Amino acid sequence: MTANQGKSTVLVYGTNMSGYRTIYALGKLGYKTILLNRGKYVDEVKNQVLSQLPLDLCWACAFGPQRMFVGLGALNVFYSADILEIKGTPGNYKVKIKKKDPYVNNFICTECNKCVEVCPEGAIEVMPKVFWENIYLINEEKCTKCGKCEEICPTGALKLDKKEEELEVEVAGIVLSPEYVDVDKGDLEKFGYKVFKNVLKNSDIVRGNIPTSFVLNSLKRRSDGKLPQKIAIIVTPQYNNIEYEDFNTTNIAVYRAVRIKELHPSADVTIFMRNYRGFGKGAYKIYERAKEIGVKIIKADDVYLNELENNDLEITYKLAGKQNKENYEFVILVTGQKAPIEEVKKFEKLCKIKGDNHGFCYIEPFTNNKTNIPGIYAGGEFTGPRGNPETVWEGYDIAQDILDFLGKPVVSPPQPPPFRDVSKEEVKIGVFLCSCFGKFNDKIDIERLKDEASKIPYVTHVEILNGACTPQTIQENAKKIRESGVNRVILAVCTPLQKLMKFRKTVMMGGLNPLLAEFLRLREDVVNVHEDKEKKLEKALSLIRAAALKLKYALPFPGASDKFHGKAFVIGGGVAGMEAAIRLAKRGVQVTLIEKSDSLGGIAYRLDSDIEGRDLKKFIESQIKEIKRNENIKVYLNSEVDSIKGYAGNFKIIFSENKKITHIEDAGVIFIATGAKIREVSSYFYGKNPNIYTQLDMEKAINEGKFSAKSVVMIQCVGSRNKAYPYCSRICCSQALKNALRLREKGVEVTILYRDLKLYGFKEDYYKEAVNKGVNFIRFYDDNYPKAGQTENGFKITVKEYGTDEEKAINCDALVLSVGIRPDIETNKKLSQMTGIKLFENGFFAISPGPFEEAAKKLMKPFELQTNGVFPIGMALSPRTVDESLLTARQAVGQSLIFLKKQRLPAPNGVFVSEVDESKCVGCGYCVEVCPYNARSIDEVKKKAVVHPFLCDSCGACVVACPSGAAFIRDLQDKQVIASIDALLG
Amino acid sequence: MTWEPKIVYIMCSWCGSGGAESASAYGLKYPENIKPFRVWCTGGLDPAYILRAFLEGADGILISGCHPGDCHYDTGNYFARRRLAALKTILKTFGFDEDRVWLRWVGHSEGKRLVDTAIEFNEHIKKLGPNKI
Amino acid sequence: MKYYKVENVKDFLKNLMDEKIVEALILPLKSYTEEAYNPFLIKDKSLIDKSEPFTFCKGINTAREVSKLTFKGALPFKTGIVLKPCELRAFRELIKLNQINPENLVTICCDCNGFEDREICEMCVDFVPDYADVKILSLGLEGYYIETDLELQLEENSGNLENIEKEILKILDEKRKNRDKKLSEIKSNLKDLLKNCISCHNCMRVCPICFCQECFFDSPALKNDSVTYLMRASRKNGLDFPENKLLFHLGRMNHMSVSCVNCGVCEEVCPAQIPVSQIFVAAGDELKKLFNYQPGKSLEDKIPFTCYQHDELHDFEKEYK
């Protein structure tokens, strides 16, 4: 620990997803952050997700934490900001920054457009498409500072006196998370980007037409507007030296091909890539599906583009040395990123961090985010080619590690004021119509609306509000609610999606439980989307009637909470399990770690070094030493779990040691780190001939001096990526290459037979090295594996070469099989049954239905606990390298720390939580099955469903599932919905 | 007075409503007789409500939520699809026009898609005429 | 799997009690009024003589009664339940729905060629006792064969079983024809069939799958205030009473027809003679096809509304062009 415990603020530079997630996690842990955004507005400088748009999801939530934590006072965002100087010591940095506040404060701006109308110079520009709001910017070149806009701005959001300023901030730690360096015209010259008309980047077509996302129109040729039939997708980083691809780039290409075929089934879609690099449990399935629906995949060595007269593209590609030509009508480039060389240089100067030899930020070995300077962290695409969800995980890693330098938490969520008891009062509804600072006045007859609304049953008070979202109007409106004496409130406003917290706050400050309020979207549902004023009035009235009936049946309630146990239980003592235990213990969490075998270390302990040449053994030994030394960690070897009862925050685990002694432990969270096993081999005479090895066997033989072969053939993907094991094990390619390089040093002939080489990012270097050192590579077809025959003094391997279809024969002394890993299916099945966390068919744990959900969404909600407070990590989750396994452990620690220190947790949405009417519940368990958060269980004694409030996000799935009407959420009770819909039907 | 269909547009509070907000932000227009009603998640939309609205004389019911895989609650829309498939199948078996109930996913930024959907559905219901139950 | 031949089912049931394979039985016995059979729980084996193991207790699906028996926990001793195949399906569906605790329960189920005056039996194509602990086979056979995994003190005999399949196929063929004919009749005027409903909700009350304490369609949520009634009346061109007839039937169907086992007790108790069960077959068959689900079969098959697939049912999503 460093000195100066008082500092509780972290500076985050840049808006990549790791930075955002650090802000989020630190905010939840009670720390303040300052975010420096180099852009003038929220997403002017795009991060990896927004540059690449990997899936056709909305991604709007990427900015979620910013809004929320600014609102809570935990986050301060500076725009047009940069770092000028960094002084001080870890834990006590003084950073000089420059910033320029935006002219228009987006948090107060109501988008009334009056400034645009009044500006004589046309200097005010509107940036649409940012989140779902418009952002108003002033073009400084055109602006004469006449001040008319400032004068007319009804909310005081626009202030012209903004200047660039410098200031010094004191922070305990610094996080460098600058954004993706995208490629553009010059970088993509080879592919004719922005020169040939029908060549577009994937991100151009995904959001080219933002109001609709990816539709057939997105695919129309830019030259003539025709829908192309023949489409090529090129994974450019595999053919372009300045680009780097992340693990997901080829998946993006495959995903795009599938989406095109879905929308446009008759299209002929071809993907050009050198190697398919999707690994892990789910990605390979998409690849298979693409092939199934007729997507062609050509693994070309190189591609060249030429534009023809009719704007078609002629693609010349090399396949195993041979040239081929084919014409396409439309070409989509799936691009990578450039190294952030400039940014790295800048920080080399500012704070002496190091760059790596590719121009990315250097990261210390066996860490995911530590730079060479203590207290300064780097994450996301700044540290190497990165995709989701790893970028997001890095945010949690940084948050849990940077605590070393931080003092006490200082931020806590504000407590609501006491609410008035309205239970004995008659229903009195107040309708408050926001005029949006007069903006609505000429769009709807708001005075008549007021008169008509007052005739609606139960409405006792109607009032027109000036505004409802500025600090001043919020105060005023709360007072108006109090003074009107109503006990139900309809607030007719713009959009509760964006401003929900403000409106809820207004009602709460008015002394009413938020369940007693309805927020009507006057702007979104009426004013802005229709033409006819008379009809608008009618529609607004029917919406008010519906809201009034809903409120008539409102049932206020104070909200629920539950206890949360502060201990952690770790199953499995491999690298991931040990790392989780060590990190938790470091933060004062009591950890119980059990290991099935008689020693710690797991599968990685059997490897000596990795391809980067780092000493794995030494690292694992240091982990083991720490585990044994740390008083917060209790270790049980030869132990297995017998039963797990309970739910997040309240687990009871029974396990037995040496099959004899039974222990019982309580825990708030459980980490499953059951790791993986080397897959059993049954093909290629393995076990019948001593000169056939797995990669691991061979390493052992080399180390023991028992390996004397002069020529070696390695076969990759043995027993992998097939029906039985439909995934890539992730580690074999690196292992094979590492061993090939070692053998070459001894002069051994090496041939590697492969389907795809999964060496994305920096690992590509080792491939090049291997080619230079004379390792022979031959690709074979996915469904045509090499055949091996035993000869007198070795083996004869025959293989049909991909592309040329030539049958090649290679003689060798030793045959080495890359066999990959498999999960510990038996143990995982048992644990899956005990915890309810689902397994994929292949035995890995499934923590979300798709690979991206966990990364991009639900930033505000307790989705850390979505898997019931059970965190599968390391290879229990999916095939991973050691670093990636460590990251899963560290990020899970980051997630769980948010809760482990709290004794009680409230429902995340406060009063909006699902409940059980016990008089109706018969304990059928329908609700338990459909709950996405494990927030429900059946009390077997009472035969009733029970809700665990802090796990519930009030989606209502249980309400629908419940045939008895016993499950309910208070703001959408059956009678409320039915009455409201009745009112809407009129 | 010309007949105007009574249409309830049920949308989830995330992507569906986001679509409505994008539509407003882009200033896109749709017919006034389409009245929105919000649930947290389409997975939290009890088909009984739709059925009742249908039997109580709604001319059409439109439902929009997040695209599959993009549900705010991860899985709600998958369950919603099953529930609605069941409801529509039952309506069809009984000889009702199940095409008075539409399910179309609308993403958060897809204001145009929402408005197009509202217009298309309104035209479709106008063609079918009033719901004579 | 072992086979035994028995001449008399009542003796066989007594034998089960003698061997302590079960200590109690639930089976149809003449009720106190001597007019009808009801399921009885008995511990005294002499009562077996008064039973009619294979009869159908009018208006009662035994599985529904068993669910009450085990609601507060498993039975403390082994109890045999004599069921018809449709009751067995209800029994298994209720296990999935957490309404029956199967511990200590031994299911004894016969194959079943249907009962007189039950139209639903004429269209039943699922009359073989799959999944029973003790299966009693008689169709196409002389006497009875017992098929079970239980160890019985009887001599094994699987002599004359090949006739079963032939007989079953014959019956199946006939029932399929009946079913298709019946269904096309029913489907031609489905809406009209419900016209005579008096909203007594008897069908729901006897249904083994309708296990709710209070039916949603009976609940206060659907009671309107007077203003709303008037509003509804003008919207709908007159409101007919009893109200919510269609809502009740379609809604109930939407809630539980995927789990409907077509036992037919609902239509047995309908005072308006509405063929409720057959209507449920008409709609339920479509749903079961849609979700590829057979209620009351494998306990591994999840009820369709508790699971989903990522890539399915796209016909129900309106395409956007």
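C:Ser199 sits in the loop between helix 6 (190–193) and helix 7 (202–206) of chain C, where helices (H or I, at least four residues) and strands (E, at least two) are DSSP runs numbered from the N terminus. Although C:Ser199 is not a glycine, its phi is positive, at about 60°. With a relative accessible area of 22%, C:Ser199 is partly exposed; on this scale buried means under 20% relative accessible area, exposed over 50%, and partly exposed in between (1.4 Å probe, protein chains only). This is a predicted model, in which local features need pLDDT of at least 70 and side-chain atom pairs count only at pLDDT 80 or more, while totals for chains, interfaces and linings use all residues. Residues are numbered from 1 along each chain as its sequence is written, chains are lettered from A and ligands numbered from 1 in the order in which they are written, and side-chain values use heavy atoms, with hydrogens and water left out.

C:Asp117 also has a positive phi, again of about 60°, without being a glycine. The loop that holds C:Asp117 runs between strand 5 (105–110) and helix 4 (119–122) of chain C. C:Asp117 is exposed, and its relative accessible area is 75%. One more backbone detail in chain C is a cis peptide bond between C:Phe241 and C:Pro242, with omega about -10°. C:Pro242 belongs to the loop between helix 8 (226–235) and helix 9 (245–256) of chain C.

Stepping back to the whole of chain C, eleven helices and seven strands make up its secondary structure. Its radius of gyration is 22 Å, close to the 20 Å that the globule rule gives for 321 residues, so chain C is as compact as a globular protein of that length. The radius here is taken over C-alpha atoms, and the rule is 2.2 Å times the number of residues to the power 0.38. The C-alpha trace of chain C spans about 75 × 45 × 40 Å along its principal axes. Buried residues account for 55% of the 321 in chain C. Among the contacts in chain C with a separation of 6 or more, 72% link residues 24 or more positions apart, a contact being heavy atoms within 4.5 Å. Chain C carries 44 positive and 52 negative charges, and their mean positions are 5 Å apart. For these counts Lys and Arg are positive and Asp and Glu negative, with His and the chain ends not counted, and each charge is placed at NZ of Lys, CZ of Arg, CG of Asp or CD of Glu.

Chain B has four helices and four strands, and along the sequence they follow the pattern β-α-β-α-β-α-β-α. The radius of gyration of chain B is 14 Å, close to the 14 Å from the globule rule for 133 residues, so chain B is as compact as a globular protein of that length. Its C-alpha trace spans about 35 × 35 × 15 Å along the principal axes. Of the 133 residues in chain B, 79% are buried. Residues 24 or more positions apart supply 80% of the contacts in chain B with a separation of 6 or more. The accessible surface of chain B is about 3,200 Å², and 55% of that belongs to carbon and sulfur atoms. As for charge, chain B has 17 positive and 15 negative side chains, with the centres of the two sets 3 Å apart.

Over in chain A, strand 46 (residues 936–939) and strand 47 (residues 944–947) pair in the antiparallel sense over four bridges; pairing requires at least two DSSP bridges between two strands. A:Asp939 has A:Lys944 of strand 47 as its bridge partner.

A:Thr270 is part of strand 13 (residues 268–272) of chain A and is buried, at a relative accessible area of 1%. Not counting residues up to four places away in sequence, A:Thr270 touches A:Ile231, A:Ala232, A:Ile233, A:Lys296, A:Ile298 and A:Tyr328. A:Val882, in helix 23 (residues 882–900) of chain A, is buried too, with 14% relative accessibility. Beyond its neighbours within four places in sequence, A:Val882 is in contact with A:Phe366, A:Ala604 and A:Leu616.

How values were computed
Accessible areas come from the Shrake-Rupley method with a 1.4 Å probe; for residues, only the protein chains shown count as cover.
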